[in-house]
Amino acid sequence: MNEEELVQRAAEERAAIVAKYRHGRQDGAKIDPWEDPSLEIYHVLDRYGFIHDKNNKHYSDERVKETTNEAEVKIEMERVKKWLKMMKQWEQIKDNEKLRRRVFKGIPNSLRGQVWSRMLNLDRVKGEQSGKYQEMRELAWKWSPDIRQIDLDVNRTYRDHIMFRERYNLKQQELFNVLGAYSMYNLEIGYCQGMSQIAALLLMYLDEEDAFWALSVLVSDKKYNMHGFFIPGFPKLLRYQEHHDKIMNKFLPKLKKHLDKNGVDTGIYTLKWFFQCFLDRIPFRLTLRVWDVYLLLGERILTAMAYNLLKLHRKKLISLGMDDILQFLQVHLEKRFEVDDDLAMESLARCLEELRKSKLDFAGPPPSHELPRRPFGLFKEPSFEQKVGRRSMEFSNVEKSTRESVSLRRDTAAAAALLDSPRHSTSDETVLPGKYIISTRL
């Protein structure tokens, strides 16, 4: 096929995908049975909207637990009253220590969207950018080179949540629109797969346009600076992983040596911690509380919570080998966190203060190459490679360099740990680190 035919085929594919989302679940919608799982009578919803099979052995997962105790319900309602009163005085208390204490205790779930909106100054941002979201959304429907990947990821994002359960339902449409619009608004990033769950989380508490601007603030505001996580090469991810190693070497040297000896590189287990602020790595209800303080205090929470997780579970981790360590960090902690949420958040506050006193709470200001270089929201017709869905050679080279950097760091750390170990020998005890490849598709 010549270039004109390739562009035409890509345009037709994009138009067909967009049409499905714009049509939604109206009569005549073509939805394959495997795409639209039914809600059976033995399924139950937890308080956050996730669907569980009560006959499944994991029915007792931590995120299913609800506040059913009458005393706890009463306490929750009293907290709602306090928050409603506080929100009426937002401008006076937004930088107050009282707000900080209450956020660490958890924002009432019924008010979480309103509080997040205030923390992110969404009314001001929307007022300054009136009509821009609608413009970007329409441009995405026509031009976005990321539509196919966005469609694939919408179809597998939080499908166990009632809001995203049905194919092409309202929330799937909103998620598709937000991600598509942002791929045109910020052309340096376009779309990166880690953004899908973040946008979905925002849509659980915000409407479509607010979720778009919330994503924009998280990416570009100096308090969060997520831009460096999503651009080619993931420079902020690598910088935060190096900073995490400094924290480990200072505060948890024995655990750090154990992880290194077992070939468990920082680059493996911190990927979703830093990319997505712990989504899918700790119980959802605890994730929400971490997001509460993240939105209030910014990127310092990423480093503090990473330290907090390892500090809380260091004894268990030191008793495990490589495969079990990864299983524990990447799967088990979400299912069985084994520490009360309030205690975990109190520990997070202490970890933050501990790091602050050692001047390790902040990984430093972003270097210029992590910051946006192009103005947002200016339309530029995609290149031929983008139109047909090809990734640039430059991006591939950056990915290769990133993989090599992680592999080298992992192997060097493992070798050093083995040499320092009193048990080091040339016998079969030596653990050979496995390969790990960073991908733009998490």
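## Model and overall composition

A residue counts as buried when its relative accessible area is under 20%, as exposed when that area is over 50%, and as partly exposed in between, with a 1.4 Å probe and protein chains only. Buried residues account for 52% of the 442 residues in the chain. The structure is a predicted model, in which local features need pLDDT of at least 70 and side-chain atom pairs count only at pLDDT 80 or more, whereas totals for chains, interfaces and linings use all residues. Residues are numbered from 1 along each chain as its sequence is written, and side-chain values use heavy atoms, with hydrogens and water left out.

The secondary structure consists of 23 helices and 2 strands; these are DSSP runs numbered from the N terminus, helices being H or I with at least four residues and strands E with at least two. Contact means heavy atoms within 4.5 Å. Of the contacts in the chain between residues at least 6 apart in sequence, 77% join residues at least 24 apart.

## Helices 7 and 11

The axes of helix 7 (residues 132–143) and helix 11 (residues 208–220) come within 10 Å and cross at roughly 90°. Helix 7 is therefore roughly perpendicular to helix 11. Axes are lines fitted to C-alpha atoms, for helices over the stretch in contact, and angles run from 0 to 180 degrees between N-to-C directions. Angles under 35 degrees count as roughly parallel, over 145 as roughly antiparallel, 65 to 115 as roughly perpendicular and the rest as oblique.

Helix 7 contributes Lys132, Tyr133, Gln134 and Arg137 to the contact, and helix 11 contributes Glu208, Glu209, Phe212 and Trp213. These residues divide into 3 nonpolar, 1 polar and 4 charged. In this grouping Ala, Val, Leu, Ile, Met, Phe, Trp, Tyr, Cys and Pro are nonpolar, Asp, Glu, Lys and Arg are charged, and the others, Gly among them, are polar.

Helix 9 (residues 170–185) has 16 residues and reaches 22 Å from its first C-alpha to its last, close to the 22 Å expected at 1.5 Å a residue. The expected span is 1.5 Å times one less than the number of residues. Because 15 of its 16 residues are buried, helix 9 is largely enclosed by the rest of the structure.

Ser216 belongs to helix 11 and is buried, with a relative accessible area of 5%. Beyond its neighbours within four places in sequence, Ser216 is in contact with Tyr182, Tyr185 and Asp221. Leu202, in helix 10 (residues 195–205), is buried at 0% relative accessible area. With residues up to four places away in sequence not counted, Leu202 touches Trp116, Ala211, Ala214, Leu215 and Leu218. The C-alpha atoms of Leu202 and Trp116 are separated by 9.1 Å, although the two residues are 86 apart along the chain.

## Cysteines and positive phi values

The count of disulfides is 0, a disulfide being a pair of cysteine sulfur atoms within 2.5 Å. Cys192 counts as buried at 3% relative accessibility, and Cys351 counts as buried at 0%.

Most residues other than glycine have a negative phi. Cys277 has a positive phi near 50°; this residue lies in the loop between helix 16 (271–275) and helix 17 (284–297) and is buried, with a relative accessible area of 0%. Lys359 has a positive phi near 60° and is found in the loop between helix 21 (341–357) and helix 22 (384–387). Lys359 is exposed, with a relative accessible area of 72%.
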